[in-house]
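The points may be read with the sequence and the coordinates at hand.

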Amino acid sequence: MEAKGFIFNIQRFSIHDGPGIRTTAFLKGCSMRCFWCHNPEGRNPYLELQYFPARCIACGECVAACPNHAHEMRDGVHYFLRDKCRMSGRCVDTCYALALELSGKEMTVSQVMEEILRDRAFYENSGGGVTLSGGEPVLHTDFSLQILKRCRDEGFHTAIETCGQYQWEKLLRLIPVTDMVMMDLKHMDTEKHRQGTGHYNELILNNARRLALTDKPIIFRTPVIPGFNDTEAEIGEIAAFIRDLYEIRVKYGKMEEEDAGIRYELLPFHQMAGDKYRSLDMEYRAKDLKPPDKSRMEELKNILIAHGISSD
C-alpha cells in the first residue's frame with residue numbers, strides 16, 4: 001500500500017542539503033522541542049493554520065468564508081480564534097494578502113515523486129539529488145522509505161537530515177536506500193541537552209556511534225546557539241566525540257580515506273523564524289539571542305581543525 005504523510009514544504013534548487021542541486025522535502029512531525037528551532041511549523045505531525053498579522057489588510061473575506069467562525073472583525077481589526085479553527089482551508093482560499101497559510105499537506109508517495117521528477121535534469125547535471133528533512137523524516141519510516149526507494153529506482157542520490165532522537169531500528173530501515181546522512185549533534189552534556197531540546201542525548205549519541213559502523217558518508221551538524229553551546233569547550237567536546245567516530249570507522253575498516261567519510265559543520269543561529277512562531281501562537285524563547293558573527297564562527301571552526309576534523 002502506498003504510504004501518505006504530511007509535507008510542509010518541498011524546496012527546489014536547494015544547495016545546502018547535500019551535494020549538488022537538490023529537492024528537499026520537509027516532513028511534519030518531530031520529537032524534539034529545540035527552543036531555537038528554525039522550522040517550528042515542522043514540529044507537529046498534522047495540519048496547522050499560520051496567521052501573519054503584518055500581512056493582513058482587514059478585508060473581512062475570511063470571516064465570511066470560515067464555517068467555524070474562527071475569524072472575527074472588531075472595530076476594523078481582524079482576530080483569529082485558533083481554538084475554533086477546524087482547518088477547512090476556506091479562509092486561506094479567500095485571503096488575497098496571504099496572511100493565512102495552511103502549514104502541511106497530506107501527500108502520497110506518488111504526489112511527492114511527481115514534484116521530485118520535475119528536476120531530474122538538475123540532479124544529473126550537478127551531481128545532486130533528493131533530501132528528506134523536517135521535522136524528522138525518520139519518525140515517518142514507511143513514508144520516507146517508499147520515497148527513498150522510488151528515488152533510488154530513478155538513479156537519484158538520496159540523503160536524510162535527522163536529529164537522531166528515535167530507536168535505532170527506524171534509521172536502520174532507511175540506511176539501505178540512503179546515500180548520505182546528515183545528523184545534528186547539539187550538546188555533549190546530557191542535562192543541558194535536555195534543557196535546550198526537551199530530551200537527553202544518550203539515544204542520539206548511541207545512534208551516531210552505530211551509524212559510524214556503517215559505510216555511509218555522514219555530515220554531523222551543530223547549530224551554534226548563543227548561551228547554549230557556543231563556547232570553545234562545548235564545541236571541542238563535540239569535535240572530540242566525532243574524532244572518536246573517525247577511529248571507530250578506521251578500526252573496523254568501514255572507510256580508509258583520511259576523514260573516514262565523516263564531516264562536521266557548524267551552522268550559525270539566525271532569527272528568521274520569529275514570524276513563524278508568532279503565526280502559530282508559539283513562544284519564541286530565542287527571540288533575544290544575537291546570531292554569532294563571522295569572526296566568532298571562524299574561532300569555533302579552529303577548534304575543529306585542532307581536533308583534525310574535516311569541515312567545509
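1. Terms and basis. Contact, the sense in which one element covers another here, means heavy atoms within 4.5 Å. Helices (H or I, at least four residues) and strands (E, at least two) are DSSP runs, numbered from the N terminus. The model is predicted, so local features need pLDDT of at least 70 and side-chain atom pairs count only at pLDDT 80 or more, while totals for chains, interfaces and linings use all residues. Residues are numbered from 1 along each chain as its sequence is written, and side-chain values use heavy atoms, with hydrogens and water left out.

2. Helix 11. This helix covers residues 294–306, 13 residues in all, and reaches 19 Å from its first C-alpha to its last, close to the 18 Å expected at 1.5 Å a residue. The expected span is 1.5 Å times one less than the number of residues. M297, L300, I303 and L304 of helix 11 are buried, where buried means under 20% relative accessible area, exposed over 50%, and partly exposed in between (1.4 Å probe, protein chains only). Seen down the axis of helix 11, the buried residues fall within an arc of 100°, so they line one face of the helix; the arc is that of the directions from the helix axis to the C-beta atoms. On the other side of helix 11, K294, I305 and A306 are exposed.

3. Surroundings of helix 11. Among the elements that cover its buried residues are strand 11 (218–224), helix 9 (232–251) and strand 12 (262–268). After helix 11 comes G308, with a positive phi near 70°. E237 has its place in helix 9 and is partly exposed, with a relative accessible area of 42%. In sequence E237 and H307 are 70 residues apart, yet their C-alpha atoms are 9.9 Å apart in space.

4. Helix 8. In helix 8 (residues 202–212), the buried residues are I204, L205, N207, A208, L211 and A212. They fall within an arc of 160° when seen down the axis of helix 8, so they line one face of the helix. The cover over the buried residues of helix 8 includes helix 6 (168–174), strand 10 (180–184), helix 7 (190–197), strand 11 and helix 9.

5. Cysteines. How many disulfides are there? With a disulfide taken as a pair of cysteine sulfur atoms within 2.5 Å, the count comes to 0. The closest cysteine sulfur to that of C62 is in C59, 6.2 Å away, which is too far for a bond. C163 is likewise in no disulfide, and the nearest cysteine sulfur, that of C30, is 4.5 Å away. C62 is buried, with a relative accessible area of 8%, and C163 is buried, with 6%.

6. Aromatic rings. Rings of Phe, Tyr and Trp (its six-membered ring) pair if their centres lie within 6.5 Å; planes under 30 degrees apart count as stacked, over 60 as edge-to-face and the rest as tilted. The count comes to 8 aromatic pairs. One of them is F35 with W36, edge-to-face at 5.1 Å centre to centre and 85° between the planes. Another pair, Y277 and Y284, is stacked, with 4.4 Å centre to centre and 25° between the planes; Y277 and Y284 are both buried.

7. Charges over rings. A charge sits over a ring if NZ of Lys or CZ of Arg is within 6 Å of the ring centre and within 35 degrees of the ring normal. R55 lies over the face of F52, 3.9 Å from the ring centre. R74 lies over the face of Y79, at 4.3 Å from the ring centre.
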